[in-house]
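Here are some notes to read alongside the model. Keep the structure open and find each residue as you go.

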Amino acid sequence: MSIRRANVRMVGKLAVVTAGMFAFGYALVPLYNAICEMTGINILSLSERQVPGVVSKVTPENTQVDRSRTITVEFDANSRGPWEFKPAMRSMQVHPGELATVMYEFQNVQNRRMAAQAIPSYAPRQAAAHFNKLECFCFTQYTLDAGEKKEWPVAFIIDPKLSKDVTTITLSYTFFEVGGKTPPAPASADAAAQTNKETRS
């Protein structure tokens, strides 16, 4: 009987210790906040408090954006096959280092299901190494049903290291059916851009 009582007492003590540990754990957060508020150690907590005379917390700007420069990005679309393929806008102005997004519109105008993909090119060529796409439909195969329309985004950032001589970049896509003859990227994106300008004029 004495051994059983000792075991019961030990279990009771362990239960009390466990409960105390849980209670201490829950008390740590408000205790920590109270100590930080009194001592001023928690810089984040102090910066998030509303201070008289301050309207709102200001989000720091992206220091990588070069707002002293503006680059015009032109968007071109070429279709090899029965597709309607075009950008939602023909051009936009961006700062180097700034995140920008353009939508491209697709439609399968055939009465059958088709798979296709796109390949990009750039003008001038030196811009290719500085045109960083974070999201793009290029090099991925897509299947569209007869008459189906889709919109896909291109999110990009132009590297601020791009030569200051470059003020205009043309992003050109060629969209073609998978299974047919794959066209190469335009040998000269500069020539393609020139052709488009002549066509518009």
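Which residue in β9 is the bridge partner of Ala 118? The points below start there.

1. **A pair of strands.** The answer is Phe 175. Keep in mind that this model is predicted. Strand β5 covers residues 114-123, and strand β9 covers residues 168-177. The two run antiparallel and are joined by eight bridges.

2. β5 is mostly covered, with nine of its 10 residues buried.

3. **The five-stranded sheet.** Now step back. β5 belongs to an open sheet of five strands, in the order β3-β1-β9-β5-β7, and the pairing is mixed. Why is one side of β3 and of β7 left without a neighbour in the sheet? These two strands, β3 (91-94) and β7 (142-144), stand at the edges, so each has a single partner strand. From one strand to the next, the twist averages 30 degrees. As background, strands of a sheet pair through backbone hydrogen bonds, either parallel or antiparallel.

4. **The four-stranded sheet.** A further open sheet has four strands in the order β2-β4-β8-β6, with antiparallel pairing. Its edges are β2 (83-87) and β6 (131-135), each with a single partner strand, so one side of each lacks a neighbour in the sheet. Neighbouring strands here are turned by 30 degrees against each other on average, direction ignored. β2 pairs with strand β4 (residues 99-108) over five bridges. Look for Phe 85, which stands opposite Phe 106 in β4.

5. **A cis bond.** Check the peptide bond from Ala 123 to Pro 124. It is cis, with omega near -5 degrees. Most peptide bonds are trans. Pro 124 lies in the loop between β5 and β6.

6. **The core.** The largest nonpolar core has 32 residues. Which residues have the most contacts inside it? They are Tyr 104, Phe 137, Phe 156, Ile 158 and Tyr 173. β1 (71-80), β2, β3, β4, β5, β7, β8 and β9 each supply at least two residues of this core. In soluble globular proteins, nonpolar side chains tend to be buried together.

7. **Phe 156.** Phe 156 sits in strand β8 (residues 149-158). Leaving out residues up to four places away in sequence, Phe 156 touches several others, including Val 73, Phe 75, Met 92, Leu 99 and Phe 131. Ala 100 is also in contact with Phe 156. These two are 56 residues apart in sequence, yet 5.5 Å apart in space, C-alpha to C-alpha.

8. **Phe 137.** Neighbours within four places in sequence are left aside here.

Notes:
Residues are numbered from 1 along each chain as its sequence is written. This is a predicted model: local features need pLDDT of at least 70, side-chain atom pairs count only at pLDDT 80 or more; totals for chains, interfaces and linings use all residues. Side-chain values use heavy atoms; hydrogens and water are left out. Contact means heavy atoms within 4.5 Å. Two strands pair if DSSP finds at least two bridges between them. Axes are lines fitted to C-alpha atoms, for helices over the stretch in contact, and angles run from 0 to 180 degrees between N-to-C directions. Buried means under 20% relative accessible area, exposed over 50%, partly exposed in between (1.4 Å probe, protein chains only). A nonpolar core is a set of buried Ala, Val, Leu, Ile, Met, Phe, Trp, Tyr and Cys residues joined through side-chain atoms within 4.5 Å.
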